[in-house]
Amino acid sequence: SLQERAEQCAALINTLGGSATITPGRGSAVLEGAGCPLAAAVRADPVTCYLIEPLIEGHTGVKAEQQCTHGDRPACRFKLTT
């Protein structure tokens with residue numbers, strides 16, 4: 001199920017040093033991190049977030065669209081769909 005895959009995504013972000021939560025939606029789920037495990041890289045180049053999309057997709061088989069917060073305090077946010 002999408003929820004199970006979202007939980008796999010959260011676990012992946014957590015192993016990278018993040019703290020992810022899941023908000024279920026209609027046909028989607030939003031994975032949000034309380035901070036960013038790649039914050040230093042994201043501050044230097046926000047494109048870094050796009051590198052995580054294929055990692056999530058390959059790990060779980062869901063489509064991941066990054067909607068991260070950039071700037072001085074980056075935070076992960078990915079919309080997941082099947």
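C49 is buried, with a relative accessible area of 4%; buried means under 20% relative accessible area, exposed over 50%, and partly exposed in between, with a 1.4 Å probe and protein chains only. C49 is in no disulfide, and the nearest cysteine sulfur, that of C68, is 3.7 Å away. A disulfide is defined here as a pair of cysteine sulfur atoms within 2.5 Å. C68 is likewise in no disulfide, and C68 is buried at a relative accessible area of 11%. By this rule the count of disulfides is 0.

This is a predicted model, in which local features need pLDDT of at least 70 and side-chain atom pairs count only at pLDDT 80 or more, while totals for chains, interfaces and linings use all residues. Residues are numbered from 1 along each chain as its sequence is written, and side-chain values use heavy atoms, with hydrogens and water left out.

## Overall layout

The chain has 3 helices and 4 strands, in the order α-β-β-α-α-β-β from the N terminus. Helices (H or I, at least four residues) and strands (E, at least two) are DSSP runs, numbered from the N terminus.

For 82 residues, a compact globule would have a radius of gyration near 12 Å, and the value for the chain, 12 Å, agrees. The radius is taken over C-alpha atoms, and the globule rule is 2.2 Å times the number of residues to the power 0.38. The C-alpha atoms fill a box of roughly 35 × 20 × 20 Å along the principal axes. Of the 82 residues, 38% are buried. Among contacts (heavy atoms within 4.5 Å) with a separation of 6 or more, 47% join residues 24 or more positions apart.

## The nonpolar core

A nonpolar core is a set of buried Ala, Val, Leu, Ile, Met, Phe, Trp, Tyr and Cys residues joined through side-chain atoms within 4.5 Å. The largest one has 21 residues, and C9, I13, L31, I56, V62, F78 and L80 touch the most other members. At least two residues each come from α1 (2–15), β2, α2 (39–44), α3 (48–60) and β4. The largest share, 6 residues, is that of α1.

I56 is one of the residues with the most core neighbours. Leaving aside neighbours within four places in sequence, I56 is in contact with C9, L12, I13, L31, G61, V62, A64, F78 and L80.

## Helix α3

The buried residues of α3 are T48, C49, I52, E53, I56 and T60. Seen down the helix axis, they fall within an arc of 160 degrees, so they line one face of α3; the arc is that of the directions from the helix axis to the C-beta atoms. They pack against α1, β2, α2, β3 (63–66) and β4. On the other side of α3, L51 and G58 are exposed. Just after the helix, G61 takes a positive phi of about 80 degrees.

## The salt bridge

The whole structure holds 1 salt bridge, a side-chain nitrogen of Lys or Arg within 4 Å of a carboxyl oxygen of Asp or Glu. R77 pairs with E32, and their closest N and O atoms are 3.6 Å apart. R77 lies in strand β4 (residues 77–81) and E32 in strand β2 (residues 28–33), so the pair ties together parts that are 45 residues apart in sequence.

R77 is partly exposed at 27% relative accessible area, and E32 is partly exposed at 31%. Apart from neighbours within four places in sequence, E32 is in contact with S19, A20, T21, T23, C76 and R77.
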